[in-house]
Amino acid sequence: MLSRLLWLLLVLTLSCGRAGTNQRLTPDGPPAGRLRFNVLPPFPVAAIADLREATWVLTNEDLAPAENLNLLGLAPPFHQVGTTCTSTLEAGASCDIQVRFQPTAVGAFATSLIAEFSMVALPYQVRAAVSGICSEQPLTLRPEVKYLAVGSHFTFTATGGVAPYSFSLAQGLGSIDASTGAFVAASTPGDVVVAVQDAATTVAQGIVSVFDPGLIPDLQLWLRPEELAGLADGALLDAWPNAVATGVTASQSTASQQPTLRKAAAYGRDGVYFSESTLMVSDTLATTPVTIFCVYAKLGTTGTEWQRIYSSGQGGSDTGSGGAALVPDTPYNGRGSTLAPLLSVQNLGSTDLHNLRLGNSITGNAWYDGMILELMLFARQLSVAEQRSITSYLAGKHGLGATRIGIMGPAAVQAARCVPYELHTLDDYSRNQPMLADTNVQLSADAGAFYETPTCSTPVGTVLLAEGESQRSLYFADGVLEVAALTVLEAGSLRLPRPMPVSVLAASPQEIPNLVLWSAAETQSWLDDGERVMLLADGSGTDHPFKQGDPNLAPVQRLEGPNGNPALFFSTAHTTAPSTLPTGPASLFIVWEKTAFGGSEASQRIYSSGVGGMDIAVGGLRFSPEGGQYATYGSVLTRDLHAESMDLRSLRLGARNEDSNYGQYHGFVYELLLFDRALTVPEQQVVQSYLADKHHVAATRFMMDGPAAVQAESCTAFDVLGRGTGPRSAPVGQTTHLALQSTLGGFYADASCNTALTTVPLSAGSDRSTAYFSAASAGTATLTITPQSGLADTLRLTVTPRAPTAIPNLAAWYAAEFTSYAADVNPIPIWPELSGHGPDLRQYNGDRMPAHRTVLFSHPAVCFDGDGYQDYLQSDDTLASAEATAFVVYAKPTAGGPSIQRLYSSGQGGVDSAVNGVYADPLDGIAATTAPVLSVNSFAGARDLRNLTLGGRNDAATYTGFAGCIYEFLLYQRLLTLAEQESVACYLSDVYQLGRPGC
């Protein structure tokens, strides 16, 4: 005992003032208190909001336990995210500390991870250095994938990271300049891994696939531009040398029929130009199965309607008799131009290859006005793997856009459900292409997971596609997925396609039956900004793409339209879906925007249909903003419902469906969906909520669907959208919290409203979350939602004893707060209907559009001038005749207008509302009101509710125009009971602070 006391006194003497050291002496001499961190290098270079993680190991190398262990010292952007360490670390034991590097600014950062502990009542401390660098963006080698011919040259570039860069070959043959990235392919095929390293020793890699088609057996004819390299531009060609020595030649001895060499004519690529010219292939080919690859571009605008790029057949018979043919993929429009190169692959059975002609038919009456850039002919049917290798080679060589993995259509699935999710290959024109054997598709998502079975019980991270497969059904569930990162490993070649956006919503348009056409500009986002859209893919699965054969008439792709999403811009442009669309009832939804005055026609067609050039008024469908020269001041969602039979054939987007320049649309189109039946109201709401949320239509703030109103003591789902003045989404790898406050009631985390919350997280990569709201009593709750960075945003939420939507037979509902796509005093061409039961109100004449007022008496309003050229908004004829109850909140901020004014009216065909319609007259119309006024009217007996008009008489008579503002209008197609009337009246009184007695 005495010796131990003496030893403790010695230790205390030696340790005085040395609490920060990390060792002490033992009786036997070696150091004690020995805790050690493993040594880790700095974090790899990260971009802002990137996430890097590493694990430090703390080991107790002493003979005694370390007690009172405490971890500290980390400072942002470093964060401790997990540990297995407890308050005591036994002798010889280890524990882990997970550290995250998540920078929010560019720079070099350093801190220490500190472990404080005690041994035999003495304090100690050990440290580990923690450091990392944040750059503007991560190090990337561009391109990540490249297909090259043997012996060819290419220069790689590096972006992000920390300059300077050093290039090298990590695997394979060839050479690369270390400083410039100039790569020279080897003379033998194979895959090459190219690497780049930055100053922070971060490495990025890419794949070069060097390939020689001549190695595939049975190649009989290979016509390529390299064989013409020594000739001048415009040279007449009496022959095109065959790149393989098979004895087959292509020649033309008649000078008048010789094609010409065109240098850099098709996106900078050489080709052989045909115009009533032809090359004859020596008649040594036999009748055999065949695979033909042809890269072509139609630069000319002449030629026959059905053109032959090549054809064959013995004895002068056309290709229809046992021969081979390729017709430009622009049926009935062969005179149009494709501008960009296209690739055709034909894998045929027994085919007569005698008299093979390029640029003409065997009979000579179907000649081609365009270029052939490259042609390969194999005297057998190639396997799927062989076809894929050839198409990849040609795609990379001619800039066709290599086949990639995508999702059919604008991908949207339903949250917290097990939803089918189709993974498939796409080439430039959305034709399914088969995959190689054993292709691995690696799947990852920012939230949720992929599954192989509809039970969603076993998540998968990779999918194996067998040879010949072009698509696979997967399932997705849980969470809000914004970007699916798809990495495809194909038979040793790495392909990294552009990530595809996938929205997870309350419901998806894909789940609604009878979707026959779904076109969205985002599906063309692989195009460059400003590039002409020759074909707009159809995402409905029914294969009805919009096509345009003439690039001069094709719309322009905008990778970022006015609302931030990809858009098509139309100006003297149009594109047409095929005539195979059905005839029948229809429901069409379109999101469009006119950001400026423009267009040559007052009556512009955003879309129209009807076969044979007939105008859409004859059995077709249309949308025509009559005031086409006027701007919409924001994205507009238009819904057209047609219960009667409609001719949907030759649907044209951007103009009238007949071939004329009349009525061409001048503006943007974001997305279009067409169903070949009349959708139910819930189905309409699914599509509308999907489009409104996606394209920021009619709301630029945190919102619920419809005017914000919930029922007292109910637990109401509330979609919190990360928009407005704060961040639109949480950065990938970072969670943003939205702070929630309310002056009435509270927010809850679940549908039972039993777990209160004050913040809602937006998970990495998302801009949407769901909360619940409940209040015990009626009133007006002001909701304040503050993003983690940015200014607060507010939403008025009215808690009522009973919301208007709970009362049956609501036929039309318009609220001025949902014209917020327009700026203050800007004209309103469309007032959206909110219940999903009724029509939108429209005004096609720009001089008669009412104006949006951002705040009038503390609320948004739509204001009508009531002058000699009065403003009004009117519906189509979709409402039926019925008894009616109407509610309108209006105000006259200034005196003026005729003495008897129409707030609203209805009646078919321009007949005044007094004839079997509904109307409301403020008889003291000349006087001004000092605040909003509520008018309630009941109309017994069947009333003609068609052509519902707000702001005047439905025949637009000048002497009854309303000189004032309307806040909200509700129409029920029956006589409401007194209790129901009071419920709606109290709802409106709460919203507009009308102070109605009894409410």
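Colleague: In what sense do strand 3 and strand 5 pair, and over how many bridges?

Modeller: Keep in mind that this is a predicted model. Here, strand 3 and strand 5, which covers residues 52-60, run antiparallel to each other, and three bridges link them. If you want a spot to look at, find Leu 35: Asn 60 of strand 5 stands opposite.

Colleague: Which sheet do those strands sit in, and what is the strand order?

Modeller: They belong to an open sheet of four strands, ordered 3-5-8-7, and the pairing is antiparallel.

Colleague: Okay, on to the cysteines. How many disulfides does the structure hold?

Modeller: The general idea first: a disulfide is a covalent bond between the sulfur atoms of two cysteines. This structure has two of them. One joins Cys 85 to Cys 95, with 1.9 Å from S to S.

Colleague: Why is that one called right-handed?

Modeller: Look at the torsion about the S-S bond: for Cys 85 and Cys 95 it comes to about 80°, so this disulfide is right-handed. As for what gets tied together, Cys 85 is in the loop between strand 7 (78-83) and strand 8 (94-101), while Cys 95 is in strand 8 itself, so the link connects parts ten residues apart in sequence.

Colleague: Are Cys 85 and Cys 95 buried or exposed?

Modeller: Both Cys 85 and Cys 95 are buried.

Colleague: Which cysteines does the other disulfide join?

Modeller: That would be Cys 863 and Cys 965, with an S to S distance of 2.1 Å. Their link is right-handed too, with 105° about the S-S bond. Cys 863 lies in strand 67 (residues 859-864) and Cys 965 in strand 74 (residues 964-972), so this pair ties together parts that are 102 residues apart in sequence.

Colleague: Why does Cys 863 count as buried?

Modeller: The cut-off to remember is that buried means under 20% relative accessible area. Cys 863 has 11%, so it counts as buried.

How values were computed: Residues are numbered from 1 along each chain as its sequence is written. This is a predicted model: local features need pLDDT of at least 70, side-chain atom pairs count only at pLDDT 80 or more; totals for chains, interfaces and linings use all residues. Side-chain values use heavy atoms; hydrogens and water are left out. A disulfide is a pair of cysteine sulfur atoms within 2.5 Å. Helices (H or I, at least four residues) and strands (E, at least two) are DSSP runs, numbered from the N terminus. Buried means under 20% relative accessible area, exposed over 50%, partly exposed in between (1.4 Å probe, protein chains only). Two strands pair if DSSP finds at least two bridges between them.
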